[in-house]
Amino acid sequence: MRRPTAPFVRCALVLGLLLTAVGCGATEKDRVTIMVPWTRTEFAAFHSLIDAFEESHPTIDVQPQVTRDLTPQLDAAVAAGSAPDLAVLPSVGALTKFRNNERLRPIEIDTTAFVQPFRGLAMHGDVVYAVPVKADVKSLVWYDPEVIDPAPPNTWAALASLPESWCLGLASGPTSGWPGADWIADILLAEEGVDAYKAWASGTREWRSVAEAWSTWRDLIDKNEKELAEASGLSFTEATEDMKDNTCSLSHGALSAQDFEAGQVRTYTYVKPPEGQPLEVSADFVVKFTGDDSAEEFVRYLATAKAQQAWADAPGFALSAHKDVTRYGNSTQGRVAAMLRSGHTLCFSAADAMDPDVSAAFYRAVLEYVNGADLKGLLEALDRVRQRLGTDDSPPSTPLCGTPNQP
């Protein structure tokens, strides 16, 4: 009679026959790499989604690669033929550039649950190339109502007349200057309207024609020489922390960028934008560089209302552009999120929509302007950067602005 195969022999046979085996009865997981720009609270919230996904997809291992200098590192990886399966892009300009260079893979997914302009920015024609997994409203002025009473006015001209100082931090590693760039774009959008904003952001309007928005910004922040001198070396989050001890009283930008603690968000509030005023918004988009099926499965999960709701529920005050995510535990977070489904026209952040090289030059110009450089010379230099590229930053078909109820 034939003797039963010993357990260790059976295991050896399995290992020899199945190349994917890592042990008897266990198979190697399908690895999905994703490059992300998030750290601290934002990364922790994202990783909680990875954990939930892996629990329901035990054969897939999602491995995030964290970098604050994402665009150049991703450029290098793509050029070297070692692109990650997925990447998170806050820049529509970079998304457009990779798509035009035929580096991105289409994503087989229905994104009609996402509101405009986020949905349209993630598409080219009828083809989906990205999913807007996290959104923000940037047109917000924050203050402590226990310190400033009555509420500050809601126009830039009136705000410039206030004696209160602004929390001003511009340092952010390779993207230092972005808070000023967002602020200048917001002023231009509010003061000159959607058409003027789109023409400038898409490269059909000269930088020299938007000098007034830069000057208005300087009038706002030019109240404290010491704060102005330190702004280039102070991070955005460090600057907003000064609201705690009233070193500064006003802050501009998205809720998630403020790095407020939960208690502060319950205390602080924002100036309500005028009815009908267009709002500057942004988003982080997941794009796909490889044909890996597991990578696409993870993208589909991130696009679900369940995952989007989990992200909104996590620490960090994330917002979702998904129509079905309307529940927010924090009332301030919920009111800001409601703007994404309001009657306001939403315009994507100009610096994030421009060609990455133009955005980088914009950020540098902001730092130089704060440090005393001549505005006329800076804007002429930015026009030369655009001319050297020889193409528009954003194709005319790109829906840079839209209203949430648009089809």
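# Briefing: cavities, a helix pair and selected residues

The lining of the second largest cavity comprises eight nonpolar, three polar and two charged residues. That cavity belongs to a predicted model, in which a search of the whole structure finds four cavities of 30 Å³ or more.

**The largest cavity**

- The largest cavity contains about 130 Å³ of space.
- Its lining also has 13 residues, and Ser-139, Val-141, Asn-154, Trp-156 and Gln-277 lie nearest the centre.
- Helix H6 (156–160) and helix H7 (178–192) each provide at least two residues of the lining of the largest cavity.
- By class, seven residues of the lining of the largest cavity are nonpolar, four are polar and two are charged.

**The pair H2 and H15**

- The axes of helix H2 (residues 40–56) and helix H15 (residues 305–313) come within 9 Å and cross at roughly 145°.
- The crossing of these two helices, H2 and H15, is right-handed.
- On the H2 side, Ala-45, Phe-46 and Leu-49 take part in the contact, and they meet Ala-307, Ala-310 and Trp-311 of H15.
- The contact of H2 with H15 has six nonpolar residues, with no polar and no charged ones.

**Buried residues in helices**

- Gly-180 is a residue of helix H7, and it counts as buried because its relative accessibility is 0%, under the 20% limit.
- When neighbours within four places in sequence are left aside, Gly-180 is in contact with Leu-170, Trp-217 and Val-366.
- Gly-180 and Tyr-369 are 189 residues apart in sequence, and their C-alpha atoms are 9.9 Å apart in space.
- Ser-294 is placed in helix H14 (residues 293–302), and its relative accessibility of 10% is why it counts as buried.
- Apart from neighbours within four places in sequence, Ser-294 is in contact with Asp-30, Val-32 and Ile-60.

**An exposed serine**

- Ser-331 lies in helix H16 (residues 331–338), and it counts as exposed because its relative accessibility is 52%, over the 50% limit.
- Ser-331 and Ile-187 are 144 residues apart in sequence and 26 Å apart in space, from C-alpha to C-alpha.

**Backbone geometry**

- Most residues other than glycine have a negative phi, and most peptide bonds are trans.
- Gln-116 and Pro-117 are joined by a cis peptide bond, with omega at about 5°; Pro-117 lies in the loop between helix H4 (92–100) and helix H5 (118–121).
- A cis peptide bond also joins Asp-149 and Pro-150, with omega at about 10°; Pro-150 is in the loop between strand E9 (141–143) and H6.
- Arg-40 is not a glycine, yet its phi is positive, near 50°. Arg-40 is located in helix H2 and counts as exposed at 58% relative accessibility.
- Glu-102 likewise has a positive phi, about 60°, without being a glycine. Glu-102 is found in the loop between H4 and H5 and counts as exposed at 71% relative accessibility.

Definitions and conventions
Residues are numbered from 1 along each chain as its sequence is written. This is a predicted model: local features need pLDDT of at least 70, side-chain atom pairs count only at pLDDT 80 or more; totals for chains, interfaces and linings use all residues. Side-chain values use heavy atoms; hydrogens and water are left out. On a 1 Å grid over the protein atoms alone, a cavity is a set of points where a 1.4 Å probe fits but cannot get out, and a pocket is an open set with protein on both sides within 12 Å along at least five of seven lines; lining residues have an atom within 4 Å of a point. Grid points are joined across faces, edges and corners, and a volume is the space filled by probe spheres set on the points. Helices (H or I, at least four residues) and strands (E, at least two) are DSSP runs, numbered from the N terminus. Ala, Val, Leu, Ile, Met, Phe, Trp, Tyr, Cys and Pro count as nonpolar, Asp, Glu, Lys and Arg as charged, and the others, Gly among them, as polar. Axes are lines fitted to C-alpha atoms, for helices over the stretch in contact, and angles run from 0 to 180 degrees between N-to-C directions. A crossing is left-handed if the near helix is turned anticlockwise from the far one by less than a right angle, and right-handed if clockwise. Contact means heavy atoms within 4.5 Å. Buried means under 20% relative accessible area, exposed over 50%, partly exposed in between (1.4 Å probe, protein chains only).
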